[in-house]
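Subject: Structure for your review

Dear colleague,

Please find below the structure that I am handing over to you. The findings follow directly after it.

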Amino acid sequence: MRSIEHIVVHCSATSPFATVEAIQRYWREVLGWKRPGYHVIIKCNGEAVRLAPDDMVVNGAKGYNAHALHVCYIGGVRPGKEAGEPVAHDTRTPQQVEALYRQVQAWKREHPRAKVLGHRDLPGVTKECPSFDAVDEYRHLTVTAAV
């Protein structure tokens with residue numbers, strides 16, 4: 001079993017109505033990835049779709065994947081004032097909020113020392129992903145382990 005240091009929350013930075021299949025196709029055909037970007041992706045209706053087992057390293061955050069678990073909600077942007085220029089925006093449905101919470105909580109139970117954070121909270125990341133403050137939202141799940 002991998003040593004998990006981070007539980008990373010993402011948004012797909014797509015329309016909230018993008019399909020899991022379209023996102024996977026983009027990874028394969030445009031980015032050339034052979035592995036998924038996340039372990040779990042959450043549809044608008046709250047359905048959690050497992051894309052990879054927890055023991056697999058995925059492509060969620062360059063430089064941090066070996067010791068991280070990644071969950072993503074579909075959405076995270078709205079159209080900007082300029083055509084084709086999306087703007088980061090928390091588009092989570094109540095069902096996605098609940099499904100994300102359940103997934104993060106489950107992983108936190110398994111890996112109590114892991115830090116929960118948004119993709120944007122990793123050092124060197126300039127994205128606004130997941131378009132909300134994951135550190136604050138999941139702060140109450142933090143468990144201080146005895147040393």
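Two strands are taken to pair if DSSP finds at least two bridges between them. Strands (E, at least two residues) and helices (H or I, at least four) are DSSP runs, numbered from the N terminus. This is a predicted model, in which local features need pLDDT of at least 70 and side-chain atom pairs count only at pLDDT 80 or more, while totals for chains, interfaces and linings use all residues. Residues are numbered from 1 along each chain as its sequence is written, and side-chain values use heavy atoms, with hydrogens and water left out.

Strand β1

β1 and strand β7 (residues 115-118) pair in the parallel sense over four bridges, and within β7 the bridge partner of I7 is V116. β1 also runs parallel to β4, to which six bridges join it; here V9 stands opposite V71. Buried means under 20% relative accessible area, exposed over 50%, and partly exposed in between (1.4 Å probe, protein chains only). Six of the six residues of β1 are buried, so this strand is largely enclosed by the rest of the structure. In a regular strand the side chains alternate between the two faces of the sheet. In β1 both faces are covered: H6, V8 and H10 are buried on one side, and I7, V9 and C11 on the other.

Nonpolar cores

A nonpolar core is a set of buried Ala, Val, Leu, Ile, Met, Phe, Trp, Tyr and Cys residues joined through side-chain atoms within 4.5 Å. The largest has 20 residues, of which V9, I42, V71, L100, V104 and Y138 touch the most other members. At least two residues of this core come from each of β1 (6-11), β2 (40-42), β4 (68-73) and α2, and α2 gives the most, with four. A second, separate core of nine residues includes V20, V49, C72 and I74.

With contact meaning heavy atoms within 4.5 Å, and leaving aside residues up to four places away in sequence, I42 touches several residues, among them E47, V71, C72, I74 and L100. C44 is found in the loop between β2 and β3 (48-50) and counts as buried at 19% relative accessibility.

Charged residues

A salt bridge is a side-chain nitrogen of Lys or Arg within 4 Å of a carboxyl oxygen of Asp or Glu. The structure holds six salt bridges. One of them joins the side chains of R92 and E137 (2.9 Å, N to O). R92 lies in the loop between β6 (86-88) and α2, and E137 in helix α3 (residues 134-137), so the pair ties together parts that are 45 residues apart in sequence. R92 counts as buried at 14% relative accessibility, whereas E137, at 29%, is partly exposed. Salt bridges that share partners join D90, R92 and E137 into one network. The side chains of E47 and K43 also meet in a salt bridge (3.2 Å, N to O).

Yours sincerely
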